[in-house]
Amino acid sequence: MSDIAQARGIRRVVRATLGRAYPRIIGANRERSWLFYDTILPLLGTIAFVYVYKALGAPDRFVGYVIMGGATMAFWMNVMWNMAAQFYWDKQGGNLELYMVLPCGIVPILLGMSFGGFVGTLVRAVAIIVIGSVLFHVTYTITQLPLFLLIFGVGIIALYGLGVTFASVFLMWGREAWHMAELFMEPVFLASGFYFPVRALGFWVGMGTSIIPLTLALDAMRQLLFPESHPALLPVRVELTALVGLAVLFIFVARQSLRKMEYLARREGRLSLRF
Amino acid sequence: MPTQRASYPWANTLQRGWRTLRVGYWLGWQIESNWTDPLLFFIYSIARPLGGVLILVFMYHVVARAGGTAMLGFFVVGAACWPFVVRGMMGTAYSLITDREHWKTLRYVYISPISLRAYLVGRALAQATSAVAAAAVTLIFGRWVLGVPMHLATINAPYTAAAFALGIASVIALGLLVVSAAVLISSEAWRMPEGVGAALYLVCGAIFPVTVLPPILQALSAAIPLTWWLEAMRRGLLGPAVVRSLPHLADGQVLVGLGLLTVLWVTAALAVFTLAERRARQLGILDRETMY
């Protein structure tokens with residue numbers, strides 16, 4: 001029996017997680033066209049919105065807003081298409097049945113998807129920020145780098161927790177999964193203030209849309225990037241605390257939801273429902 | 001009847017093409033809409049475009065420049081028309097790709113005695129139809145909620161209708177061109193239509209006047225019929241109170257330019273599709289799958 005097959009407990013979880021992350025970090029970069037499209041598509045959309053601000057004669061800081069929004073969009077798209085809807089693709093490819101009979105269970109698979117997706121997307125997001133900033137001569141002054149990184153990290157954990165929750169819900173669906181992932185694009189870009197300060201939606205609407213972790217994460221990071229001009233929704237430390245709460249909540253909900261939906265999907269015979 | 005077929009072979013071909021187009025349309029509509037109930041389908045159809053236009057509205061309001069609603073009108077008409085491009089152009093490509101890789105029916109469609117072009121145009125028109133609700137709701141929202149100056153008295157209906165018809169023809173031509181590329185590639189085929197759509201969104205003045213683009217991109221945008229279509233739709237729906245992408249041209253010149261470009265692109269699309277189809281058949285890759 002191989003070393004991998006003999007692994008137990010936390011070693012098995014770590015190995016399975018890294019195994020699932022591998023194709024997302026290494027494998028995905030072998031397909032050069034994916035690398036190109038994953039970077040260029042959000043960048044093209046970002047540039048279009050930069051030109052909207054230019055057409056409106058907006059101050060330069062709005063260009064920075066849009067570039068940050070474009071980088072964040074890469075994470076949201078990764079969560080929706082490669083986390084939430086991933087089991088839909090896996091059903092099509094016949095992998096889902098294999099995941100279900102693995103001795104490690106489905107959780108390390110999802111952890112691996114999250115970790116691999118995050119690392120892969122981080123590279124693309126950095127590329128979007130660098131290319132966008134060079135093209136439009138944008139500079140950033142981060143006032144508190146450790147706090148900025150902490151907000152980013154907690155926001156990402158909460159976001160991928162949400163992704164796992166969605167993945168469990170999408171497990172029940174066939175074609176609907178594709179359409180639902182599409183549905184959560186522009187409405188979420190609007191609700192989270194990807195291209196403008198979320199405060200513009202109004203305080204209470206902004207509070208309501210803060211259930212999407214990116215709303216608070218973006219607002220807090222913009223406060224640190226543009227401390228004098230950004231209309232904040234809440235103070236940075238309050239937003240950080242709320243993000244920690246969201247991260248814990250989504251991890252808990254994801255775990256419960258995964259159990260429930262897996263049971264339902266097995267009972268109703270939807271695990272192999274392809275269309 | 002055999003005698004009629006012999007006398008008018010072109011009429012027979014046309015009739016068969018029309019029948020194929022209708023069936024392709026019906027099939028496309030079923031695939032597009034029957035995954036859920038009508039209410040959810042309606043919400044799904046309007047949520048993205050409405051979300052898109054609201055993003056632009058909030059961007060407009062945070063900048064809070066003085067001066068009319070001309071830019072809002074620009075956003076609303078662009079956001080209302082763009083779903084036709086997304087569904088019509090990208091949808092045509094996805095029709096072929098999903099038939100090939102998801103439903104695995106392309107090989108059977110291809111060997112059946114029908115015109116593949118007519119079938120794909122039918123599928124494209126079904127996709128475009130699903131954009132009608134989104135366009136209508138966006139325009140109504142723009143008129144009644146945002147106060148965009150779009151009144152029956154100022155709408156030039158014949159001009160708008162002509163522009164719309166030419167625009168849909170050019171969208172389908174673009175769709176056939178993208179399909180031509182899709183039949184020759186496999187691993188990039190899923191992302192390529194999206195990439196083309198994103199590039200067109202940037203250069204065709206969907207959400208901002210192309211006059212703010214660098215000169216080289218302005219020249220590129222002038223060669224694409226979608227730029228002219230969006231400009232003509234804005235002039236037709238909003239009248240003179242509109243921010244213009246092609247400010248140096250009169251309304252009639254824009255429509256004529258759109259017509260000429262549409263003819264050019266439709267001709268090119270048919271020729272390129274014929275060549276691509278022939279090449280794919282020679283290479284034996286018409287039904288090649290990527291095992292995504």
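At what angle do the axes of helix α4 and helix α7 of chain B cross? This is a predicted model, where local features need pLDDT of at least 70, side-chain atom pairs count only at pLDDT 80 or more, and totals for chains, interfaces and linings use all residues. Residues are numbered from 1 along each chain as its sequence is written, with chains lettered from A and ligands numbered from 1 in the order in which they are written.

The axes of α4 (residues 70-102) and α7 (residues 132-144) of chain B cross at roughly 175° and come within 8 Å. Axes here are lines fitted to C-alpha atoms, for helices over the stretch in contact, with angles from 0 to 180 degrees between N-to-C directions. α4(B) and α7(B) are therefore roughly antiparallel, the term for angles over 145 degrees.

On the α4(B) side, the contact (C-beta atoms, placed from the backbone, within 7 Å) includes B:Val76 and B:Phe84. On the α7(B) side, B:Thr138 and B:Leu139 are among the residues involved.

Now the whole chain. Chain B has 12 helices and zero strands, helices being DSSP runs of H or I with at least four residues and strands runs of E with at least two. The C-alpha trace of chain B spans about 65 × 45 × 40 Å along its principal axes. Of the contacts in chain B with a separation of 6 or more, 82% join residues 24 or more positions apart.

Last, the interface. Chain A contributes 31 residues to the contact and chain B 32 residues. On the chain A side, α3(A) gives the largest share, 14 residues.

Terms used
Contact = placed C-beta atoms within 7 Å. Parallel < 35°, antiparallel > 145°, perpendicular 65-115°, else oblique.
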